[in-house]
Amino acid sequence: MSEHDRIEDRRITRRGSLLGFGGLLAGVIAGAGPGADRSEAASDDAVGPAAVASGAVTCVLAPEQTEGPYFLAGDTVRRNVTEGKPGVPLALRLTVVDVSTCRPIKGAAVDIWHCDAGGVYSGVSGQSSARRFLRGIQRTDANGVAVFRTIYPGWYPGRTVHIHVKVFLGGNVVHTGQLYFPDTLTDAVYRRSPYSRRPGRDVRNTADSVFRNGGRQSMLRVTKNGSGYVGAIAMGVHRS
Ligand code: FE
């Protein structure tokens, strides 16, 4: 077990305070089109109380997951976090909704961070402290959507592939979680360069100590987009 893994194990919290959207809503979001820079197509009809009442939208409790040892405060507000890091293009469409109303929240700050194709995080010991690749913050739009441009994450020993996320409202953290990918998709991506230079990832989703506690509710809905992918998920939060 790696040091990172041990730390993440210790920091696991299970407040279970969040709702995620499953099923159809995720499909609606993922199917809204590959144009990751366009305004999200999710309307009130798609995500509002009427959609919940009709069964078109299901609110599913998703537990909090540890932030791990590599969160850095003060990330830059930017959509493109790649800083030239090589990898398969990945757009993220992360929707924030109010669990009490199931309506999207505008203006939430969504902070993401993940490792590069070689399994390395920026800003860790041994690197220049100025480097902040694959980290960034975006504010949600009127449809509750924050969009990022990044690359498919690599892997590091002891963990399945993941992206860390925090959601802030009015300066308060309202969600800390991790986002996951289907293992079969990761297998396909890792056959491509530069991931293929580093074979032998050691942990898949079901064997991951963090994924085990709620990871199924934190799966990105991934669709192809040119040579890359779009990953989408809705994260339900309490406003305070
Ligand atoms: Fe991590």
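This note goes through a predicted model point by point, from its overall make-up to single residues.

1. **Overall make-up.** The protein chain has 240 residues, and buried residues make up 55% of them. Its secondary structure comes to five helices and eleven strands. Among contacts with a separation of 6 or more, 77% are between residues 24 or more positions apart.

2. **The largest nonpolar core.** In soluble globular proteins, nonpolar side chains tend to be buried together. Here the largest nonpolar core holds 35 residues, and Leu 94, Val 110, Ile 112 and Tyr 152 are those with the most contacts inside it. At least two residues of this core come from each of seven elements listed here: strand E3 (89-98), strand E5 (109-113), strand E7 (145-151), strand E8 (162-169), strand E9 (172-180), helix H5 (183-189) and strand E11 (228-237).

3. **Leu 94 within its surroundings.** Which residues does Leu 94 contact, leaving aside its neighbours within four places in sequence? They include Val 110 and Ile 112, and also Thr 140, Gly 144, Val 145, Ala 146 and Phe 148. Further along the chain, the list includes Val 165, Leu 179, Leu 220, Ile 233 and Met 235.

4. Tyr 121 belongs to the loop between E5 and strand E6 (135-139), whereas Tyr 156 belongs to the loop between E7 and E8. The pair, 35 residues apart, links distant parts of the chain. Buried means under 20% relative accessible area. Tyr 121 therefore counts as buried at 3% relative accessibility, and Tyr 156 counts as buried at 7%.

5. **Phe 71 and its partners.** The count of aromatic pairs comes to nine. One of the pairs is formed by Phe 71 and Trp 113; it is tilted because the ring centres are 5.0 Å apart and the planes are at 55°. Phe 71 lies in the loop between strand E2 (58-62) and E3, and Trp 113 lies in strand E5, so the pair ties together parts that are 42 residues apart in sequence. Trp 113 is buried, with a relative accessible area of 0%. Lys 166 lies over the face of Phe 71, at 5.0 Å from the ring centre.

6. Tyr 152 is in the loop between E7 and E8 and Tyr 229 in strand E11, 77 residues apart. Both residues are buried. Together with Phe 181, Tyr 190 and Tyr 195, Tyr 152 and Tyr 229 form one aromatic cluster.

7. **A charge over a ring.** The charged end of Lys 85 sits over the ring of Phe 133, 4.1 Å from its centre.

8. **Ala 232 and Leu 220.** Ala 232 is found in strand E11 and counts as buried at 2% relative accessibility. Its C-alpha atom is separated by 5.3 Å from that of Leu 220, although the residues are twelve apart along the chain.

9. **Backbone details.** The peptide bond from Ser 193 to Pro 194 is cis, with omega near 0°. Pro 194 is in the loop between H5 and strand E10 (221-225). Cys 102, which is not a glycine, has a positive phi near 60°; this residue lies in the loop between E3 and strand E4 (103-104) and is buried, with a relative accessible area of 6%. Leu 134 also has a positive phi, of about 60°, although it is not a glycine. Leu 134 is in the loop between E5 and E6 and counts as buried at 0% relative accessibility.

Methods
Residues numbered from 1 in each chain as written. Predicted model: local features only at pLDDT ≥ 70, side-chain atom pairs only at ≥ 80, totals over all residues. Heavy atoms only, no water. Core = buried A, V, L, I, M, F, W, Y, C linked by side-chain atoms within 4.5 Å. Buried < 20%, exposed > 50% of the residue type's maximum accessible area, 1.4 Å probe, protein only. Helix = DSSP H or I, 4+ residues; strand = E, 2+ residues; numbered from the N terminus. Contact = heavy atoms within 4.5 Å. Phe/Tyr/Trp six-rings, centres within 6.5 Å; stacked < 30°, edge-to-face > 60°. Lys NZ or Arg CZ within 6 Å of the ring centre and 35° of its normal.
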